[in-house]
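Student: I am new to reading structures. Please walk me through one, feature by feature.

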Amino acid sequence: MLYFGVILNLFSTMDDFIAARSQMAMSLGFHIIFACVGMVMPFFMCIAHYLYLKTGNEIYKGLTKAWSRGVAILFATGAVSGTMLSFELGLLWPGFMKHAGPIFGMPFSLEGTAFFIEAIALGFFLYGWNRFNKWFHWATGLVVGISGIASGILVVAANAWMNSPAGFDYVDGKYINIDPIQAMFNDAWFSQALHMMLAAFVATGFAVAGVHALMIIKKKNVSFHTAAFRISALAACIAALLQPISGDISAKDVGKRQPAKLAAMEAHFETEARASFLIGGIPDEENGTVKYGIKVPGLLSFLAYGDIDKPVTGLHDIPRDEWPPVAITHYAFQIMIGLGMLLVLLSILYFIALFKKKSWLKSTWLFKLFVIAIPLGYIALEAGWVVTEVGRQPWIIYGIMRTIDAVTPMPGIAYSFYVFTTVFVSLSVAVIYLLYRQITMVGYLYDPTDPNFKLKK
């Protein structure tokens with residue numbers, strides 16, 4: 001009982017504002033993984049299904065069914081975690097929803113429609129084998145992927161509105177002249193949506209390719225896993241090579257609209273022309289210095305504005321109470337950039353293997369690199385969201401409403417945080433277990449070349 005009382009005391013001492021932010025961050029951190037897999041895997045499934053329809057190769061049919069079961073598992077968990085997030089917006093941030101709901105509610109309502117279509121199409125695909133025309137059946141799978149991408153873009157558009165408020169006039173503390181269309185298509189929606197969609201393909205593609213590479217290394221159902229590896233690795237590598245382009249678009253957008261975020265990302269304290277791009281470094285917010293960083297002169301000015309001589313605003317020219325947490329934003333940005341460049345290098349190696357060094361495609365070392373890359377895309381993805389969300393602080397609606405003014409006055413949010421954390425951890429354990437069973441039972445259920453194959457025709 002004494003131990004239980006100590007635990008309760010620890011829970012109750014967490015500040016409600018920090019607890020609310022932590023709960024939202026934790027929920028988003030889990031959901032974004034489920035959502036990304038749900039957006040990308042249907043396309044992998046459709047590619048495998050198309051190859052089966054064109055070639056008649058039973059391996060591709062088994063791969064389609066294997067991936068479709070994974071899509072179903074992650075669709076269900078994504079639906080649960082997404083629903084929880086929707087409730088949390090109202091429960092944790094009523095001040096925000098009171099004013100923002102009528103303005104940016106349209107993308108959320110449209111996202112619900114896309115989710116509804118996705119659910120119907122997934123049901124058609126899972127139970128449509130040998131019941132529909134083969135190309136109509138394939139098309140239902142494609143609709144699952146398109147609907148998932150639409151859902152992701154619409155949710156990101158709502159988040160982009162928080163970074164670039166539009167579609168209303170703010171006069172004397174009131175939100176008037178509301179235009180939901182303008183709010184949805186705000187200045188940040190395209191750059192954020194493009195960056196997010198490519199990040200989803202990078203993270204999911206490398207994770208899937210890495211899992212199948214591991215099975216190839218272990219020499220389990222090699223033909224099956226090689227087919228899966230080729231589809232996922234190709235998609236991941238194409239997206240990884242495109243991602244720096246979207247990153248450049250995003251950097252220029254942030255430099256234009258959110259100078260404080262850009263300055264925090266680069267721990268840039270002094271306004272200067274030919275601003276240096278900082279690699280690494282430990283920022284000291286109190287003294288406005290950075291230790292141990294490597295500076296590339298002029299590169300930050302070029303990345304932010306396309307002009308090496310244009311000054312970049314430093315944090316010291318921004319009111320101190322409008323600074324984001326500099327260290328967290330900077331470290332997250334460095335992690336995102338660093339891991340992204342590692343995946344670009346791996347992508348270049350893979351394309352060299354495809355077109356110049358085909359012997360590498362049978363080399364264990366290449367597959368081991370993909371195994372190492374399994375978590376890297378998702379770590380970069382999570383770091384990117386830290387940059388987006390923490391870098392916007394102290395604003396929940398940039399320049400309009402501070403985060404602390406939107407939090408619920410309800411006490412005891414710390415208990416809610418721990419309950420939701422338990423739910424998400426439990427959900428993740430269940431998902432990992434189910435996906436592990438899918439992978440380990442591949443030969444028995446899906447690979448027609450396996451002697452234990454018993455998949456019903």
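Tutor: Start with helix axes: these are lines fitted to C-alpha atoms, for helices over the stretch in contact, and angles run from 0 to 180 degrees between N-to-C directions. This is a predicted model, in which local features need pLDDT of at least 70, side-chain atom pairs count only at pLDDT 80 or more, and totals for chains, interfaces and linings use all residues. Residues are numbered from 1 along each chain as its sequence is written, and side-chain values use heavy atoms, without hydrogens and water.

Student: How do the axes of H4 and H5 cross?

Tutor: Two packed helices are described by the angle between their axes and the distance between the axes. Helices (H or I, at least four residues) and strands (E, at least two) are DSSP runs, numbered from the N terminus. Here the axes of H4 and H5 come within 7 Å and cross at roughly 170°. H4 is therefore roughly antiparallel to H5 (angles over 145 degrees count as such; under 35 is roughly parallel, 65 to 115 roughly perpendicular, the rest oblique).

Student: Which bend does H2 have at Val-40?

Tutor: A bend is the angle between axes fitted to the seven residues ending at a residue and the seven starting there. At Val-40, H2 has a kink of about 25°, shortly before the proline Pro-42. After H2 comes Gly-56, with a positive phi near 75°.

Student: Where is the cis peptide bond?

Tutor: Between Gln-393 and Pro-394, with omega about 10°. Pro-394 sits in the loop between H13 and strand S7 (395-397).

Student: What is the phi of Lys-219?

Tutor: Positive, about 60°, although Lys-219 is not a glycine. Lys-219 lies in the loop between helix H7 (189-217) and helix H8 (222-257).

Student: Which helix gives the largest share of the lining of the largest pocket?

Tutor: A pocket is an open set of points on a 1 Å grid over the protein atoms alone, where a 1.4 Å probe fits, with protein on both sides within 12 Å along at least five of seven lines; lining residues have an atom within 4 Å of a point. H2 gives the largest share, 12 residues.
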